[in-house]
Amino acid sequence: MAGHAPMVQAPAGLVGRIGPVYTLPDHRGRGFGAAVTAAVAQDLLAAGALVMLFADAANPGSNRVYERLGFAIAGEQLEVDLL
């Protein structure tokens, strides 16, 4: 499964963010996640959008897939919960 948020106009142009992306555990490693992510990216590109996604740095498997699809790290985000 892969989806995307509504496209938004940003200073750099129209931006489409992919997510969520999920593959059932029993179906992982077969290319399904890569295929649906690539399809969503193609749809966003065809609409004229810059494509982005947030990836979990602690998940090297999915990050390898994203790199193979042409995504590159543009920055990092740290989430902190303050009590």
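Which strand and which helix each supply at least two residues of the lining of the largest pocket? In this predicted model, they are strand 4 (50-53) and helix 2 (60-68). Of these elements, strand 4 gives the most to that lining, with four residues.

| Pocket | Volume | Lining residues by class |
|---|---|---|
| Largest pocket | About 660 Å³ | 13 nonpolar, three polar, three charged |
| Second largest pocket | About 520 Å³ | 11 nonpolar, 10 polar, five charged |

The lining of the largest pocket is made up of 19 residues, and L53, A55, I73, A74 and G75 are the ones that lie nearest its centre. In the second largest pocket, 26 residues form the lining, with V21, T23, N59, S62 and Y66 nearest the centre. Two or more residues of this second lining come from each of strand 3 (13-21), helix 1 (32-46) and helix 2.

A polar atom of the T37 side chain lies 2.7 Å from the backbone oxygen of G33. Beyond its neighbours within four places in sequence, T37 is in contact with A2, I18, V21, L53, Y66 and L69. Among these partners, L53 is one of the residues nearest the centre of the largest pocket, while V21 and Y66 are among those nearest the centre of the second largest pocket.

Note on methods:
Residues are numbered from 1 along each chain as its sequence is written. This is a predicted model: local features need pLDDT of at least 70, side-chain atom pairs count only at pLDDT 80 or more; totals for chains, interfaces and linings use all residues. Side-chain values use heavy atoms; hydrogens and water are left out. On a 1 Å grid over the protein atoms alone, a cavity is a set of points where a 1.4 Å probe fits but cannot get out, and a pocket is an open set with protein on both sides within 12 Å along at least five of seven lines; lining residues have an atom within 4 Å of a point. Grid points are joined across faces, edges and corners, and a volume is the space filled by probe spheres set on the points. Ala, Val, Leu, Ile, Met, Phe, Trp, Tyr, Cys and Pro count as nonpolar, Asp, Glu, Lys and Arg as charged, and the others, Gly among them, as polar. A polar contact is a pair of N or O atoms within 3.5 Å; within protein, one must be able to donate a hydrogen and the other to accept it, and residues adjacent in sequence count only if both atoms are side-chain atoms. Contact means heavy atoms within 4.5 Å.
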